[in-house]
Amino acid sequence: MSGAGPGDAAPGGAVRVVLVDDDALVRTGLRLILGGDPQIEVVGEAEDGARGVELVTATTPDVVLMDIRMPGTDGLTATRRLTEAGTPSRIIVLTTFDTDEMVLTALRHGAAGFLLKDTPAPQLVEAVRRVAAGEPILSPSVTAQVIAAATQGGQDDAPRRQARERLAQLTPREREIAVAVARGLSNAEIAQELYLGLATVKTHVGNLFAKLHATNRVQIARCVHEAGLD
């Protein structure tokens, strides 16, 4: 385990990242990818979940890239422990596995994002930036799987009726943005597509969370899917 000490800050206000993965080659690759961005600094690495929890607790990074399958304490357990401890760090689960149950469990345990290890480098860097800014993120393929898994049996009349009733609270613009969220678009992409200011989109998305009682963008997407609006 290595890393900066408590209270250490990255130069220039860069996004501080901790890597937790049992594969040293993977950690090296991630460090090289992220190190190419002057606004991101890898401040520590851990080779298993238990050490990862210790390191994150000690350094309080902005973002944690957490592997799932590790010997000893796995990434899902480490994510749950950090969430229960009230860590302010945002956790992105990064893995080669994308089974429905793993994704749903990671989200339930407090993960702010779920990306596959074959995510292209530019997208990985962008994901770290977005999560650090407070915007949850999922790979598009993962988003589709989560929605499908979460809405099995969603063609029943009751779930569809309930979803439509929830969406009926929204303004026409909010419904339009909800559909865009369900398509996996980021706030910036929504702003560009709908010719809106980024601050306006953020306000609308905030309204969606409040009105739909959602805690992440996947729940918004699930509601849209159940209502048959996607």
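The chain holds 11 helices and 7 strands. The model is predicted. Of its 230 residues, 46% count as buried. Take the contacts between residues at least 6 apart in sequence: 67% of them join residues at least 24 apart.

**Packing of α8 and α11**

- Two packed helices are described by the angle between their axes and the distance between the axes.
- Helix α8 covers residues 172-182, and helix α11 covers residues 217-227.
- They pack at an angle of about 110 degrees, and their axes lie 8 Å apart.
- α8 is therefore roughly perpendicular to α11, since angles of 65 to 115 degrees fall in that class.
- On the α8 side, the contact is made by A178, V179, V181 and A182.
- On the α11 side, R217, I220, A221 and V224 take part.
- By class, this contact has 7 nonpolar residues, 1 charged residue and no polar ones.

**R217 in α11**

- R217 lies in helix α11.
- R217 has 10% relative accessibility, so it counts as buried; the cut-off is under 20%.
- Its side chain reaches the backbone oxygen of L185 at 3.0 Å.
- The side chain of R217 also makes a polar contact with the side chain of N187, at 3.0 Å.
- Setting aside neighbours within four places in sequence, R217 is in contact with E135, P136, V181, L185, S186, N187, I190, V205 and F209.

**Helix α5**

- Helix α5 runs over residues 121-132 and has 12 residues.
- From its first C-alpha to its last, α5 reaches 17 Å. That is close to the 16 Å expected at 1.5 Å a residue.
- Buried residues in α5 are L124, V125, A127, V128, R130 and V131.
- An α-helix has 3.6 residues a turn, so residues three or four places apart point the same way.
- G134 follows α5 and has a positive phi, near 95 degrees.

- T60 is a residue other than glycine, yet its phi is positive, near 45 degrees.
- T60 sits in the loop between α2 (49-59) and β4 (63-66).
- With a relative accessible area of 38%, T60 is partly exposed.
- H213 is not a glycine either, and its phi is positive at about 55 degrees.
- H213 sits in the loop between α10 (198-212) and α11.
- The relative accessible area of H213 is 69%, so H213 is exposed; the cut-off is over 50%.

Notes: Residues are numbered from 1 along each chain as its sequence is written. This is a predicted model: local features need pLDDT of at least 70, side-chain atom pairs count only at pLDDT 80 or more; totals for chains, interfaces and linings use all residues. Side-chain values use heavy atoms; hydrogens and water are left out. Axes are lines fitted to C-alpha atoms, for helices over the stretch in contact, and angles run from 0 to 180 degrees between N-to-C directions. Helices (H or I, at least four residues) and strands (E, at least two) are DSSP runs, numbered from the N terminus. Angles under 35 degrees count as roughly parallel, over 145 as roughly antiparallel, 65 to 115 as roughly perpendicular and the rest as oblique. Contact means heavy atoms within 4.5 Å. Ala, Val, Leu, Ile, Met, Phe, Trp, Tyr, Cys and Pro count as nonpolar, Asp, Glu, Lys and Arg as charged, and the others, Gly among them, as polar. Buried means under 20% relative accessible area, exposed over 50%, partly exposed in between (1.4 Å probe, protein chains only). A polar contact is a pair of N or O atoms within 3.5 Å; within protein, one must be able to donate a hydrogen and the other to accept it, and residues adjacent in sequence count only if both atoms are side-chain atoms. The expected span of a helix is 1.5 Å times one less than its number of residues.
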